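This report goes through one structure by topic, beginning with the ligand and ending with strand pairing.

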Amino acid sequence: MPSSRSALPHGKAADVRAAVCHTYGEPEVVTVEELPSPPLGAGQVRVRVVAAAVNFPDVLLVADHYQLSVPTPFVPGSEFAGVVEEIGDGVRSFTVGDRVMGTLMMGGFAEEVVAGAEGLLTIPSGVDDRHAAAFGVAHRTAFHILRSVAALQPGEELLVLGAGGGVGLAAVQLGAQMGASVTAVASSVAKLEAAASYGASNGIDYRGVDLRASLRTVLREGSDVVFDPVGGELAEPALRSLRWGGRFVTVGYASGVIPRIPLNLVLLKGCRILGFQFRDFAEHAPEALARNDRELWSLLGDGSIVPHIGAVFGLDEVANALRLVADGRAVGKVVLDIAATP
Ligand SMILES: NC(=O)c1ccc[n+]([C@@H]2O[C@H](COP(=O)([O-])OP(=O)(O)OC[C@H]3O[C@@H](n4cnc5c(N)ncnc54)[C@H](OP(=O)(O)O)[C@@H]3O)[C@@H](O)[C@H]2O)c1
């Protein structure tokens, strides 16, 4: 995700409502307040936010457990959709009234956001604001990984951990769309049902089972690609499911535990362990990023991919929305309906 300004906005006189994190901690530290409308600089666009979506890194930023630390106070929120309200000097790509979606390090949980024009994308006609807001982080992360990092091929076996979460369910959808056979691993019936409805042909509820043995039963020939946004105890049995020459992509550690993998497994399997971090991919692979985004936007625009929205909250309920994600209970994406908030 591209970074943005780190302080609270101070600009125009009119106030806007926004979620604010004054001290690091649990989701409940986030409050909703009136703040001055953010100032607009050259090359920037002011967007009236209609919907925003919650991502696990929002929880980590509020707790100060993310790779980067953001000074308090700050407005959390890493993806949003809305309507262009004002254009800064030098902006040619948008006009007032355009519907746009964007991703930021923070600032999205507010009635207004100011973002660099280069970070905004036009919402395809026919896609509503909630689904546009829920698309930018999870589906882009999953698609860049499957397309460019894992180079998933039609007919391959894809194993997805955390398959009912935001990024995991996006990987299930996109993997199935790319012609892979998808095995979903998750902790509840509801999550596995969601994964099945988006194309997973196998589902494993890992609670109380020996995951390594379950994977052997379900994937007799092994997997080609493992997509892991969870880490912890699930990572090693998932890696053991790889057939010779397979690829394991480490995406995140929602379990809170960074796994340690015995390197002999890599030797024995002739497999590759790969990593992905969005901002590094954007910096080091801009051509692949642009190509993938074009392909992904076409899938969004023609209705081939519709993000799964598991829960919707008002801006006033932002702490509850963050809590649902923090506890790993969200199915698909959690959305804040900012426009519906009084
Ligand atoms: N590399 C990147 O560029 C990038 C981009 C976006 C996100 N991420 C990372 O990807 C991970 C998933 O993000 P997300 O937005 O998909 O999150 P999410 O919707 O909350 O899903 C995370 C999943 O992790 C599992 N989980 C296991 N233990 C958990 C725990 N103690 N607390 C919470 N969840 C737990 C849950 O699945 P089960 O209940 O089935 O175990 C949950 O559905 C995060 O670590 C995030 O930071 C990385």
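## Shell around the ligand

How many residues surround the ligand, and which are the closest? In this predicted model, 29 residues surround the ligand. The closest are Gly-165, Ser-187, Gly-252, Ala-254 and Gly-328. H4 supplies the largest share, three residues.

Sorted by class, the shell has 15 nonpolar, 13 polar and one charged residues. Both domain 1 (15–135 + 307–337) and domain 2 (138–280) give residues to the shell, so the ligand lies between them.

## Helix H1

How many of the eight residues of H1 are buried? Six are, and H1 is therefore described as mostly covered, given that a residue is buried when 20 or more other C-beta atoms lie within 10 Å of its own. The buried residues are Phe-56, Pro-57, Asp-58, Val-59, Leu-61 and Val-62.

The cover over these buried residues includes strand E1 (15–21), strand E2 (30–36), strand E3 (44–54) and helix H11 (318–326). After H1 comes Asp-64, which has a positive phi, near 60°.

## Helix H5

Helix H5 spans residues 189–197, and Lys-191, Leu-192, Ala-194 and Ala-195 are buried in it.

The buried residues of H5 pack against H4, strand E9 (181–186) and strand E10 (202–205). H4 is also the element with the largest share of the shell around the ligand. H5 is followed by Gly-199, and the phi of Gly-199 is positive, near 115°.

Ala-51 stands opposite Ala-81 in E4.

E4 also pairs with strand E5 (residues 99–103), in the antiparallel sense and over five bridges. Which residue of E5 does Glu-79 stand opposite? Glu-79 stands opposite Thr-103. In a regular strand, side chains alternate between the two faces of the sheet.

How values were computed
Residues are numbered from 1 along each chain as its sequence is written. This is a predicted model: local features need pLDDT of at least 70, side-chain atom pairs count only at pLDDT 80 or more; totals for chains, interfaces and linings use all residues. A residue is near a molecule or strand if its C-beta atom, placed from the backbone, lies within 6 Å of it. Helices (H or I, at least four residues) and strands (E, at least two) are DSSP runs, numbered from the N terminus. Ala, Val, Leu, Ile, Met, Phe, Trp, Tyr, Cys and Pro count as nonpolar, Asp, Glu, Lys and Arg as charged, and the others, Gly among them, as polar. Domain bounds come from an automatic or database domain assignment. A residue is buried if 20 or more other C-beta atoms lie within 10 Å of its own, exposed if 12 or fewer, and partly exposed in between; C-beta atoms are placed from the backbone. Two residues are in contact if their C-beta atoms, placed from the backbone, lie within 7 Å. Two strands pair if DSSP finds at least two bridges between them.
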